Amino acid sequence: MALPKHISVAELKAFERLQTPIWIYDLERMQMWWANKASLRLWNIPIQEELLNRNFSNVPELRWIAEKKYLQEFQQGKTITESWTFYRDGETVAVRCFCSGVKIKPGRMAMLVEGIVESSHPIEIDIRRTRESVIENSLILANQQQAAWEKSQRAEAELRWREALLSSLTDTSVLGFLVVDNRTDEILYFNQRFCKIWGLEHLETQMRLGLLKNNDIIPECIPLIADLPAFIESCKPLQSEENRTVVEDKILFVDGRTIRRFSSQIRDTQDQYFGRLYVFEDISDRLQTENSLKNSEQSYRSVITTMAEGIILQQADGSITACNKSAERILGLTSEQIKGKAAIDPRWRAIYEDASPFPRENCPALVTLRTGQPQFNVIVGIYKPDGSLTWISINSQPLFHPHQSKPYAVVASFTNITAHKQAELALQQQAQRERMIAAIAQHIRQSLDLEVILNTTVAEVREFLQTDRVIIYRFQSNWSGVVVTESVAADWEAILTMEITDQYFVDTQGKYYQQGQIKATSDIYTAGLTDCHVQLLEKFQVRAKLVVPILQSDRLWGLLIAHHCSAPRHWQPWESELLQQLATQLAIAIQQSELYQKLRLANQQLENIAMVDPLTQIANRRCFESKLQSVWQYLIREQGCISLLLCDVDYFKKYNDTYGHRAGDDCLRLVAQAFQQNLKRNTDLVARYGGEEFAVILPNTNERGAIQVAQAIHNTVKQFNIPHLASTVKEYVTLSIGIATVIPTADLQPLDLIEAADQALYQAKAQGRDRFCVNQIYA
């Protein structure tokens, strides 16, 4: 006993084509789940949606109980047969219903009903109504029938089902089917597609009614055949009963169509031959498509062959099976050398744009084979065995078989972008050169420190040129020279501050370079240099050099030199141009620095003049005030003491009146010398404070130390014994000195110290002159 099965979409489509009313009723929800068009008239409903939305909840309770019992039998695989009465357009219709269970969803059962309309005799209708009434009013359904009758009904339903399914399948097929009983020449089966292929639509009705046999339709078909003799000859093997094979051939029609024919024998259960099955397929469009594809493929191959891009077909195992001429040209290999290889030959070294190694597994074609994703514009540099570098841009597209997620091959296209990369590199180098020149020019504008400018220049040039040493060589007056600046790699000898005498420069006085000539030497051993010159360069480990003069107007100031020590080097024109531009900037920097040094010296001289007393050549009052202020601030931070001496030449006006102003000037000079002789520290300062007044600043000196300095000054002036007969103190020049000492604080000012020293000076004069007095300051 077969259990209920799930209903499929194909089965529903087959039911839809039947003229027999079929519907599916959901027993659990008591509503119609599906119905074909043939059932609508039986239910007296115009459209399917109305039937599906109809409410069956008013079914009598006994009927509902009966249907629940059906559900139990359906779950056991049983089929129930009943006679139902329908009312259609005011008439009663008796329908024989075959009910079976089907699954419409997992765990959900419904009732499939196939209705066969029976006679509508009034007596039979009354009987059915009575029986239905009994069913509705009974708790037990009395629906037992003879087993033989049920078996015959199921067989009949199965036969109708198979016929409906066959019709559904063949009617929608693009193939034409014909089954002929060769014993009787009867047409056992055909479909609409067969009639359409052979132009028999007008005979279809007669054929379905069995009014025509196979030989009756052949005359209608013969005019369609382009080569009738060939067709007749092709039919002979089909008549043999011994030929059990499936025969396939093609039939050409006069209208240009091509029909493919399959033929096989049909035998009964006793293996007795009784007919043949013919299957016809119109392959005209397919052949046309295949021819178009062939033409397209030829055009495609022609385009691929003439493309500038390299094209490679790579299989899933990584092997290359096809390539075009451009691929051979770009890679420098023949097709035989390319085929069978991996995407990147192991003999080649592949790199990224930043020169880092490009692993083979990152090849775009292999990435696409591995991931199924296309790759676009992957830039790879390839060093070929001859050492040349080729840059290519690669794209890759996967190829898939239908319904497969992994590609079976990949098409890789690549373009030679070496020229583009070289141009791009040249632009990058030019931009980098311009940035470096701009940076050095900015250093020149921002700094007048020549040493900083020169050191920055040689360091940046060596880094940019990737060479071993860069120096600046300055000529001396005798045409020898010294290395004033150097940037050198760690593995090579430093020659900074080294004096070098090249006899060639001495003999020619640098005339070659004074003309602005640049000298590039790729290899000192092949440049035709003299032996002594080669020996000199060997001493400095030089193998190749690039020399550019540094000119100031017509004067050769020095040379900007790049040394390559590790190997010979072919200097590029842009490298010479770079050094020449830098040499021009350096010449400007050197000239500016020299002017700056002269200006600074002149300013220093002017500043000295402004801070020095022209008569005595010691500091003037301006210098005194500046010194006192700076020392005062320093000692506030350091909490040190300061002493100040204010000195006055006794009766100096009388001295001038007696000896004259010239003698007075000489007297002041001698007094200034006396002060200078007794100041031992460079932090001490003596200044001419006024006409005949002098001041002494003694940082970090206490009162006792200041008194010692005052006594020493007195003794020195006494030793000078400068005559002063107009003085009422002594017959020689004497000094009065006021001393003040303090520890500076934020509450005191330098003026406080000056006033204290001035008060002490006043006391010294009041006490008879030629002495010193001390005034104490309390914070």
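1. Leu-670, Gln-673, Ala-674, Phe-675 and Gln-677 of helix α23 are in contact with Ile-713, Thr-716, Val-717 and Phe-720 of α24 (contact: heavy atoms within 4.5 Å; helices: DSSP runs of H or I, at least four residues, numbered from the N terminus). By class, this contact holds six nonpolar, three polar and no charged residues (nonpolar: Ala, Val, Leu, Ile, Met, Phe, Trp, Tyr, Cys and Pro; charged: Asp, Glu, Lys and Arg; polar: the others, Gly among them).

2. The model is predicted: local features need pLDDT of at least 70, side-chain atom pairs count only at pLDDT 80 or more, and totals for chains, interfaces and linings use all residues. Residues are numbered from 1 along each chain as its sequence is written, and side-chain values use heavy atoms, without hydrogens and water.

3. α23 (residues 661–677) packs on α24 (residues 703–720) at about 140 degrees, with the axes 9 Å apart (axes: lines fitted to C-alpha atoms over the stretch in contact; angles: 0 to 180 degrees between N-to-C directions).

4. An open, mixed sheet has five strands in the order β24-β25-β23-β26-β27 (strands: DSSP runs of E, at least two residues; pairing: at least two bridges). β24 (685–688) and β27 (772–776) are at the edges with a single partner strand each, so one side of each lacks a neighbour in the sheet.

5. β23 (residues 642–649) pairs antiparallel with β25 (residues 693–699) over seven bridges. Leu-644 stands opposite Ile-697 in β25.

6. Trp-574 sits in helix α20 (residues 573–611). Beyond its neighbours within four places in sequence, Trp-574 contacts Gln-429, Arg-433, Phe-464 and Leu-465.
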